[in-house]
Structure formats: C-alpha cells, structure tokens
Amino acid sequence: MIATILLSVGIVFLAELGDKSQLMALTFALRYRWWVVLGGIATASAAVHLISVGVGYFLGAALPTRAIALVAALTFLAVGLWTLREHFGDDDAEAEPKPPRSTTAPFFVVLSAFLLAELGDRTMFATAALATDNSWIGVWIGSTIGMVAADALAIAAGILVGKHLPEHVIGICSGLLFLYFGTASLLTAARPDLGILTGGALATLAPATAGIALLIRSRRARRNSERIPNDPAPEADRVR
C-alpha cells in the first residue's frame, strides 16, 4: 500500500509540473484566499481520481472529452470576462469600499473549474492505468496527494507574486490568463490536430486582443478625466 501511494504521488506530481492545472492554481491564488483555492483543488482532485480508479480506463476512454473540454473552455472564458469587467467598471464603483468577500462562491468556482479541466486529462488516464495493476485505494490517495502538492507550489508562487502587485493589476492578469486557458481549451476541443505550440500561439491572440482593448479604453478614460478640470464653468457661475 505504501509503495503504491509513493509511486502514485511521484508520477502524478511529475505529470502536473508545468501543466495547465498549476497555471490555474496560480491564477486562482492571485484572486482568492489560498486555503479556499487549495480546498477546491483537493476536493476536485479526490473526486476525479476516485472516478478514474473506481471505474478504470474504460470509463475514462468513454468520457465525452470533447464536450467536457468545450464546457471547460466556456467556463474559463466566462470567468475571464467577468474578472476583467469587474476591474474595468465605473470609476465610482471602484472608489467605493468593497464588501467582504464570500468564500462559498470562490470555492465552487475553483472546484468546478478543476473538475472540468481534469476530466479526461492525461493525469486521469495515468491514474486509471496505475489502478489496473495496483491497489485502487493507494492509487487514489497517492494521486490526490501528488496533484495537491504540485498545485500547492503554484499557490505559493501566486501568494508571493500577489504581495508585490496591486489588486487591480492582479485582477487584470487573472482575467487575461483565464481568457488564454479558455481559448486554448476551445482550440484543443475544436481542432485536436493542432500541435501544442501552434495551439498555444493561437491562444495568446485572445488575451492580447483583450489587453490592447483594455489599454485603449484606459487611455481614453484618462484623457476624459484630464479634460474635466478644463471644462468651462457652468452658466450660473458666468453670470456672477
């Protein structure tokens, strides 16, 4: 049992290094509390790996991976647009004090995002393959620990980065990263024949376009705010 757990931890940990789940964990850590992100990741990992080891390779092969990828892509795009809209709303709204953040909604956002991202992922197939020749309980425990440990490193990196960046910049970066994830998942589902480099390069077009549009909007808003002090006085003041 111990050998199976250690084997599963090592394989899943190495498989998750540099994977999109780590980038997702870092992005969520920039926006939400670290323990909320870690709890959502741990819950999603336990659920996904329980499915993979419980039913095995046949369920993994029969999963509608393209449909899941499309839903995940739409989820990432929606979260990205919502985040950017939140940080580029009205100036008066930004000046008002923000209410305390709820932890329930972020937890379910992280949970649903990782469930959709990991279903049909290579880690799930690797876990199913391990469960065919080893104890499923050991594989389940080890794979969950390995994935949580790998994503915990990304969360720690997000915490360090978040301490040196203002909240406004963090929100914009998070939104742009989610646009990238959504576009990449959409391209993978629509055109699975695209290579990793080609798909990754095309996926950068969405956040780049959004970033340029936001930059133009920010400059226009700044120019409008600079013109306000130079506006002529109201008619009543002129009469006086």
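Leu-7, Ser-8, Ile-11, Val-12, Ala-15 and Glu-16 of helix H1 meet Arg-122, Thr-123, Thr-127 and Leu-130 of helix H8, where contact means heavy atoms within 4.5 Å. Sorted by class, the residues of this contact of H1 with H8 are five nonpolar, three polar and two charged; here Ala, Val, Leu, Ile, Met, Phe, Trp, Tyr, Cys and Pro count as nonpolar, Asp, Glu, Lys and Arg as charged, and the others, Gly among them, as polar. The model is a predicted one, in which local features need pLDDT of at least 70 and side-chain atom pairs count only at pLDDT 80 or more, while totals for chains, interfaces and linings use all residues. Residues are numbered from 1 along each chain as its sequence is written, and side-chain values use heavy atoms, with hydrogens and water left out.

## Two helix pairs

Two packed helices are described by the angle between their axes and the distance between the axes. The helices themselves are DSSP runs (H or I, at least four residues), numbered from the N terminus. Axes are lines fitted to C-alpha atoms, for helices over the stretch in contact, and angles run from 0 to 180 degrees between N-to-C directions.

| Helix pair | Residues | Angle | Axis distance |
|---|---|---|---|
| H1 and H8 | 2-16 and 122-133 | about 160° | 10 Å |
| H2 and H9 | 20-31 and 136-163 | about 40° | 7 Å |

Angles under 35 degrees count as roughly parallel, over 145 as roughly antiparallel, 65 to 115 as roughly perpendicular and the rest as oblique. H1 and H8 are therefore roughly antiparallel to each other, and H2 and H9 are therefore oblique to each other. The crossing of H2 and H9 is right-handed, meaning that the near helix is turned clockwise from the far one by less than a right angle. On the H2 side, the residues in contact include Ala-25, Leu-26 and Ala-29, and on the H9 side they include Ala-150, Asp-151 and Ala-154. By class, the contact of H2 with H9 divides into 11 nonpolar residues, four polar and one charged. The crossing of H1 and H8 is also right-handed.

Not counting residues up to four places away in sequence, Gly-142 touches Ile-5, Ser-8 and Val-9. The C-alpha atoms of Gly-142 and Met-1 are separated by 9.8 Å, although the two residues are 141 apart along the chain.

## Aromatic rings

The structure holds six aromatic pairs, a pair being rings of Phe, Tyr and Trp (its six-membered ring) with centres within 6.5 Å, where planes under 30 degrees apart count as stacked, over 60 as edge-to-face and the rest as tilted. The rings of Phe-28 and Phe-114 have centres 6.2 Å apart and planes at 40°, so this pair is tilted. Phe-28 lies in helix H2 and Phe-114 in helix H7, so the pair ties together parts that are 86 residues apart in sequence. Both of these residues, Phe-28 and Phe-114, are buried. Phe-178 and Phe-181 form an edge-to-face pair, 6.1 Å from centre to centre and with 90° between the planes. Both Phe-178 and Phe-181 lie in helix H10, three residues apart, about one turn of the helix. Ring pairs link Phe-28, Tyr-32, Phe-114, Phe-178, Tyr-180 and Phe-181 into a cluster.

Conventions. Helices (H or I, at least four residues) and strands (E, at least two) are DSSP runs, numbered from the N terminus. Buried means under 20% relative accessible area, exposed over 50%, partly exposed in between (1.4 Å probe, protein chains only).
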